[in-house]
Amino acid sequence: MDPFAALFDHVTPRARTFFTGNLCETRHFTDEGHLHLLKGGVLTLARAGQVDLQLDEPSLLFFPRGRVHSFTVDPDRGADLVCATVELGGAEGNPIGQGLPELVVLPLASHPALAPVCDLLIGEAFSELSGRQVALDQLLDYLLILIVRHVTDSGRVATGVLAGLGDPRLARVLTAMHDAPGKPWTLEDLAGIAGMSRTRFAEHFRTRIGQTPIDYLTVWRMTVARQLLARGKPVKSVALQVGYQSGAAFSRVFSRVTGRSPRSSNGLRTADVHSS
């Protein structure tokens with residue numbers, strides 16, 4: 001059983017490179033997800049309300065949900081960087097973006113499993129080879145999955161779906177919901193998959209995930225619904241696929257969870273897909 005498979009089917013992390021080279025002046029980054037790979041030089045990271053962090057060795061910096069930050073460097077040496085925006089969908093209810101630390105810093109010397117893909121990234125970033133941009137973006141997509149896997153396996157996530165996927169009993173339940181969002185799940189069904197009593201399961205799930213099992217299922221169904229609407233699927237068809245026999249009932253829940261109607265979301269998300 002791969003607990004990430006069904007999750008990534010619907011909410012695959014995406015990264016898009018926007019800077020590669022030598023940074024020789026202070027640079028500010030806006031409030032969106034970012035991934036930075038420091039190849040060489042000394043970099044000082046500044047964030048409002050936080051002590052500055054100085055990095056002087058090859059490292060990865062990952063801001064999953066976005067945080068305004070800036071880099072300061074020695075103007076004579078600069079810092080060799082690869083910078084990318086990251087889309088985890090946290091603001092839209094994507095469970096991958098929820099529960100991750102605000103900032104993940106991974107010195108490459110301490111995380112040798114990341115070295116092969118980082119070496120490939122650096123090789124592409126500081127070259128002029130054909131297809132460089134496509135190669136960079138695809139390598140970054142893969143690197144994002146490695147980082148999420150590392151954070152989950154290391155136990156650094158205390159709550160949220162990634163914490164749940166690190167718990168064998170809850171992983172079985174989450175995988176079942178992710179695989180079959182349209183199934184009419186009951187609390188008893190889910191507790192049975194976990195091998196726990198209903199009361200103990202409900203308490204354990206809420207403590208680890210931060211939501212009740214049924215609330216999480218509802219949010220997951222709306223996450224899947226967004227993806228289907230983005231592909232132009234009719235509202236009634238989407239409702240059936242995520243467990244609602246009535247388009248009206250689905251629309252009410254979708255509007256409550258997302259703050260917009262399915263029909264308007266269909267147009268917005270489809271436009272987003274075509275413009276990306």
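The model is predicted, so local features need pLDDT of at least 70 and side-chain atom pairs count only at pLDDT 80 or more, while totals for chains, interfaces and linings use all residues. Residues are numbered from 1 along each chain as its sequence is written, and side-chain values use heavy atoms, with hydrogens and water left out.

Helices (H or I, at least four residues) and strands (E, at least two) are DSSP runs numbered from the N terminus. Five strands form an open sheet in the order 1-8-3-6-9, with antiparallel pairing; two strands pair if DSSP finds at least two bridges between them. Strand 1 (14–23) and strand 9 are the edge strands, each pairing on one side only. On average, neighbouring strands of this sheet are turned by 15 degrees against each other, direction ignored. Helix 2 (residues 115–125) packs on the sheet and touches strand 1, strand 3, strand 6 and strand 8; the direction of helix 2 makes about 80 degrees with that of strand 3. Helix 3 (residues 132–153) also packs on the sheet, touching strand 1, strand 3, strand 6, strand 8 and strand 9, and its direction makes about 110 degrees with that of strand 1. For these angles, axes are lines fitted to C-alpha atoms, for helices over the stretch in contact, and angles run from 0 to 180 degrees between N-to-C directions. Contact means heavy atoms within 4.5 Å.

Strand 6 (residues 59–63) is largely enclosed by the rest of the structure, because five of its five residues are buried. Buried means under 20% relative accessible area (1.4 Å probe, protein chains only). Ser59, Leu61 and Phe63 point one way from strand 6, and Leu60 and Phe62 point the other way. Five bridges pair strand 6 with strand 3 (residues 33–41) in the antiparallel sense, and Ser59 is the bridge partner of Leu38. Strand 6 and strand 9 run antiparallel and are joined by four bridges; here Phe62 stands opposite Val104 and Leu60 opposite Leu106.

Asp80 lies in strand 8 and is buried, with a relative accessible area of 15%. Its side chain makes polar contacts with the side chains of Asn22 (3.0 Å) and Arg77 (3.4 Å). A polar contact is a pair of N or O atoms within 3.5 Å; within protein, one must be able to donate a hydrogen and the other to accept it, and residues adjacent in sequence count only if both atoms are side-chain atoms.

Leu88 sits in the loop between strand 8 (79–87) and strand 9 (104–107) and counts as buried at 4% relative accessibility.

Terms used
Buried < 20%, exposed > 50% of the residue type's maximum accessible area, 1.4 Å probe, protein only.
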